[in-house]
Amino acid sequence: MPAVTFSPDDRYNAFITTLDQAETGPGRLSGIAVAVKDNISTRGIRTTCASRILDGYIPPYDAHVVTLLRQEGAAIVGKTNMDEFGMGTTTENSAYGPTLNPSDPSRVPGGSSGGSAAAVASGMVRMALGTDTGGSIRCPASFCGIVGLKPTYGRVSRYGLIAYANSLEQIGPMAQNVEDVSLLMEVLSTHDPRDSTSISCPYRHTPDPTVTGLKIGVPEEFFGEGVDPRVAAVVWEAISRLEGEGAEIVTCRMPSMVFALAAYYVTCTSEASSNLARFDGVRYGPPADTKRPWHESFQERRREGFGTEVRRRIMLGTFALSSGYYGKYYAKAQAARQQVRNDFVRLFRTVDVIAGPTMPTVAFRLGEKTDPLSMYLSDILTVPANLAGVPAISVPCGTSEGLPVGLQVMGQWFRDEKVIDVAAAYEQGVSA
Amino acid sequence: MIEEKDVEHIAMLADIGITKEELPGFTGQFNEILDYFDILDQVEGTGSFEHERANVFREDEIEPSLPQDDVLANTRDAEDGFFRAPRVM
């Protein structure tokens, strides 16, 4: 079996694990170095979720997407750094230290797939897998100046993805250009009966950069309070460029945006509180003390093993689901989630795609965001796509203060091809 | 408003483990975040999220699964093909 040699200068701390010799074979990704986020199971390669609680864990099986990469000859050269279990917007919440942004190493790369974005942006790998629960592919793509796609919910199998919030998250492709994102998406998108939410709707597509007659909805809320006016100006310029190539711009409203962020955080923390109950030191990770009583032993293991943000989210979710509060938080969040979905259904009756900024600002300075709520608020523009399950891409569209800005394009359910086409149209229009 | 004793209770329910020194910090942050969540009081109804569903049930046919040794490989405390866990009582 031929191998790809990989000995990068990882000055941005993009990787938790690297393999100096990675097997490759024939296929559509033959010989291509691909990095995999460290919450995706890789047989025989340690998988940490950037958490001390999985220290020493070596998965006994491959995630479905990893099987697909291997089948197509990709060289899996390493596992990338991330916010612990995907919980964060900066990749600072990692037991392996923060990843730095290759555009400006005093800045964060975004998160939670910050290691994958930095590895692609710095040219260490051509492609990477990320995961996106509330923006975790699109945010770092935007901050690092690369392309990242969150596929339609159900289009990529989550089998072997270590779960954080099942009803929201998807694995997706990240690369320096739309063509590579599309190629990787072709490999990832196959039906897998081991994920009961996987849907048979294979992605077989060559990007078509024609936008003549395309209707692009632009919700006012995506340019409202909290969005840096300089970032908004760069994104408007990008949308105008698509208009210049024949698209029609339709301004619109998305009233559910008022509730979207709260609905997202109630839902994801509730799901996390359940999913992360499995980490108790019995089956994997640093062992629990079996000589002591159950609760005492588990509490000690989990206090030491989880970082502060993970503990905060598990507790918030436990509270939101607890007796007496379920109706006030979880039930209301699901009703709000339905309103977000209804807004997309209504808008897609008259527009083909919806566009706006990916992030309200450029990349933060390392250590700049210390207050949890202000960190959460920066996810406001990415969470609607996860709540509704629609596909969304971030494509670089210029700079503000010398730092990358991302244009976000959201599409209809199972029309990932269309958001790829619009991103390709923007990308090719700029380079023409 | 939630108080330190409420946070202590949640930490106990979640088996998360919390120290006295950590309580003021978490309590302050939770109050700030829960104040923000209050916007959900304005949402009408409590309808559940509407998914498009398809039946994914299958015949209960036995398929190959992981060998027992692989399943136990990551524990440091296996005995006679079982995981050892802390005592319940």
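**Exercise 1.** Locate A:Gly88 in chain A and state whether A:Gly88 is buried or exposed.

*Solution.* Step 1: A:Gly88 sits in the loop that joins strand 5 (75-80) to helix 2 (114-121) of chain A; helices (H or I, at least four residues) and strands (E, at least two) are DSSP runs, numbered from the N terminus. The model is predicted: local features need pLDDT of at least 70, side-chain atom pairs count only at pLDDT 80 or more, and totals for chains, interfaces and linings use all residues. Residues are numbered from 1 along each chain as its sequence is written, and chains are lettered from A and ligands numbered from 1 in the order in which they are written.

Step 2: A residue is buried if 20 or more other C-beta atoms, placed from the backbone, lie within 10 Å of its own, exposed if 12 or fewer, and partly exposed in between. A:Gly88 is buried because it has 30 C-beta neighbours inside 10 Å.

**Exercise 2.** Find how helix 4 of chain A and helix 12 of chain A are arranged.

*Solution.* Step 1: The axes of helix 4 (residues 178-188) and helix 12 (residues 416-431), both of chain A, come within 9 Å and cross at roughly 160 degrees. Axes are lines fitted to C-alpha atoms, for helices over the stretch in contact, and angles run from 0 to 180 degrees between N-to-C directions.

Step 2: Helix 4 of chain A is therefore roughly antiparallel to helix 12 of chain A; the term covers angles over 145 degrees.

Step 3: Residues in contact have C-beta atoms, placed from the backbone, within 7 Å. In helix 4 of chain A, A:Val178, A:Ser182 and A:Met185 meet residues of helix 12 of chain A, including A:Ile420 and A:Glu427.

**Exercise 3.** Describe the make-up of chain B.

*Solution.* Chain B has three helices and two strands, in the order α-α-α-β-β from the N terminus. Of its 89 residues, 15% are buried.

Key: Angles under 35 degrees count as roughly parallel, over 145 as roughly antiparallel, 65 to 115 as roughly perpendicular and the rest as oblique. Two residues are in contact if their C-beta atoms, placed from the backbone, lie within 7 Å.
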